[in-house]
Amino acid sequence: MKLAVYSESSADEAAVRILVDGILGEKTEVVKLPNFETKRGFGSVLTNISAVLQELHYGFEADALAVILDSDRTPIHRKAHDEPGQADPKCRLCCLRETVKDIQGQLTPMPNRQPVKTAIGLAVPQIEAWLLCGKDRGVGEASWLVGSKSRKPPYTSGSLKKAVYGKERYSLAEETRCMVAEAERLVDRCLLDLEQHWFPDGFGAFAQDIRRWKEPPSA
Amino acid sequence: MIESIEFKNFKVLKDAKLSLGPFTLIVGANGSGKSTALQAIRMVREFNQYSYSMVAHVEAFAETKPAVEVGLQWGSPYNLFLKIKWESSGIPTPTWGSENGTPFMVKAQAECNRFRVYALDPRSLPQPVQLTPNLEFSAEEPSLAGFLDRLRDSEPERFEALNEELGRLLPEFDRILFETPKAGHRSFSLRTRNGHHRIPAIDLSQGTLLALALLAIAYQPSPPPLIGLEEPDRGIHPRLLRQVRDALYRLSYPDSFGESREPVQVIATTQSPYFLDEFSDHPEEIVIAEKTGLEAKFSRLMDHPHLEEILEGTSSLGEVWYTGVLGGVPARS
């Protein structure tokens, strides 16, 4: 399977590929396209996802696209949002799902080709939290939700990054190395189920999307 | 470390204070005092060369001719201040002061002489140069060939590290090579990763030369205690700005980058929302330069009363700044 990743940086991309391979149970191929980077926040993801999907759809290069969003301080995704008509417009995952569905509905079907499969994950509040799974039991969607309700988040972006990278400032090369090492730890130590336990909705939804890629296409 | 610089009637900075940290990024529109602040730093070591008329605010010069002042305040352990004052007649006078006597004054004076402000000109960077024993990347006559050649011979491990960083910043190249165009002179080329072709410096793009010059500044073995940089993002693709930030952080936070030298205080300017995005994790490092009428002022981004709420939205820091919500954008005509 040829996989494209739309992520915040090249450091994220390497880690996301490892996670996808771990969930899928097979090694995906890197598509020969420029790496897509969101970088500039959720607003730019919404603006640019159309171009990314069109490139993948008409370019015949990729079978699947994985997108990871950071929730930052926005509402986290809940299973209830998956029920018909219950999507939360303030939830970034719901919002992007709707956008992707609309865009893919407008693409001209290509003969002998399935639409590009997609998986969207919502890292709460950012991907470094996922990478601490198995190391810090205080990091998870439940603790974030409780803290956010009381306006006292249990951790900050800075503290999560320091926990993963060991310092406040680090080079892109170091960031990539740390993220890859942590993603490999999660896969090699079979911690993806635990990840889903601590991040049931943001990571759980991502894993569920990916597992569906292996299901036969509906008639 | 210098904690702040205060300006009175200094060009567009009629009454302004610039708070500084180990690393400070000043963002603002044209004419908002960014370059003027860097000019003040450059003048600290050569203030005698500037007359009152060269430094006075346009209104001050036209009317009552009040004194022009630039005051630098050092933090602990120095706890010093230096005030340079220009009266409308006479020569500029420096005044040093200290809460703890003067044990650090000589040291601070020596450091002032080493302050450097770089405004890189891509036209001079590729030129062949006569070799000198001096291992400093000069701010006045920056010569990449001369500096890189000396670095290769005197600090080979550091030169190798610079080569590796070059490969990350500009992946199409893998090595710096040298030529001797005539006796005692050096020029340089970059070798392409694919095919190992030599591209002479004179044929490199301006962006490539500026990126290499930034690495030269960041990899100096004994860098100045304070470096000012005019728009280090200039000419460099937005996707490579993370590496530009890393090079600047290497100077300011050497421990975090495996360096064992003293930290360099860095003051950089920008007008790029993309470059600003690279500092969204450290808003305490950002200063907004805002011009109103004939006067510019500085304010710390962290002091913006609604910063947290503003950044909770869907836009990046750079996009938010570009809207004008945070200030530091051109005035409407």
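# Close-up views of a predicted two-chain model

**Domain 1 and domain 2 of chain B bury about 1,500 Å² between them, 63% of it on carbon and sulfur atoms.** Within domain 1 of chain B, the residues that lose the most area to domain 2 of chain B are B:R234, B:Q243 and B:R250, together 26% of what that side buries. Buried area is the accessible area, found with a 1.4 Å probe, that two parts lose on being put together, summed over both. The model is predicted: local features need pLDDT of at least 70, side-chain atom pairs count only at pLDDT 80 or more, and totals for chains, interfaces and linings use all residues. Residues are numbered from 1 along each chain as its sequence is written, chains are lettered from A and ligands numbered from 1 in the order in which they are written, and side-chain values use heavy atoms, with hydrogens and water left out.

**Chain B is assigned a domain 1 (1-115 + 225-333) and a domain 2 (122-223).** These bounds come from an automatic or database domain assignment. The C-alpha centres of the two domains lie 28 Å apart. Contact (heavy atoms within 4.5 Å) links 19 residues of domain 1 of chain B with 19 residues of domain 2 of chain B.

**Two salt bridges cross the interface of domain 1 and domain 2 of chain B.** A salt bridge puts a side-chain nitrogen of Lys or Arg within 4 Å of a carboxyl oxygen of Asp or Glu. In chain B, the side chains of B:R158 and B:E259 form a salt bridge, 2.7 Å from N to O. Five residue pairs, both partners at pLDDT 80 or more, are in polar contact between domain 1 of chain B and domain 2 of chain B. On the side of domain 1 of chain B that touches domain 2 of chain B, β12 (226-229) and α8 (241-252) of chain B each supply at least two residues. α8(B) gives the most to that side, with six residues. By class, that side of domain 1 holds 11 nonpolar, two polar and six charged residues. A polar contact is a pair of N or O atoms within 3.5 Å; within protein, one must be able to donate a hydrogen and the other to accept it, and residues adjacent in sequence count only if both atoms are side-chain atoms. Ala, Val, Leu, Ile, Met, Phe, Trp, Tyr, Cys and Pro count as nonpolar, Asp, Glu, Lys and Arg as charged, and the others, Gly among them, as polar.

**Chain A and chain B bury about 1,900 Å² between them, 41% of it on carbon and sulfur atoms.** In chain A, the residues that lose the most area to chain B are A:R40, A:R73 and A:R169, together 42% of what that side buries. Contact joins 23 residues of chain A to 26 residues of chain B.

**Five salt bridges are found across the interface of chain A and chain B.** One of them pairs A:K161 with B:D281, whose closest N and O atoms are 2.5 Å apart. The side of chain A that touches chain B takes two or more residues from each of β3 (36-37), α2 (42-59), α6 (157-165) and α7 (172-188) of chain A. α7(A) gives the most to that side, with four residues. That side of chain A has five nonpolar, seven polar and 11 charged residues.

A:P125 sits in the loop between β5 (117-123) and α4 (127-131) of chain A. Elsewhere in chain A, A:R151 has a positive phi, near 60°, in a residue other than glycine. A:R151 belongs to the loop between α5 (141-149) and α6 of chain A.

**B:S76 and B:P77 are joined by a cis peptide bond in chain B.** Omega for this bond is near 5°. B:P77 lies in the loop between β4 (68-74) and β5 (80-86) of chain B.

**Chain A has nine helices and five strands.** Helices (H or I, at least four residues) and strands (E, at least two) are DSSP runs, numbered from the N terminus. The elements of chain A run β-α-β-β-α-β-α-β-α-α-α-α-α-α from the N terminus on. The radius of gyration of chain A is 17 Å, close to the 17 Å that the globule rule gives for 219 residues, so chain A is as compact as a globular protein of that length. The radius is taken over C-alpha atoms, and the rule is 2.2 Å times the number of residues to the power 0.38. Along the principal axes, the C-alpha atoms of chain A fill a box of roughly 50 × 40 × 30 Å.
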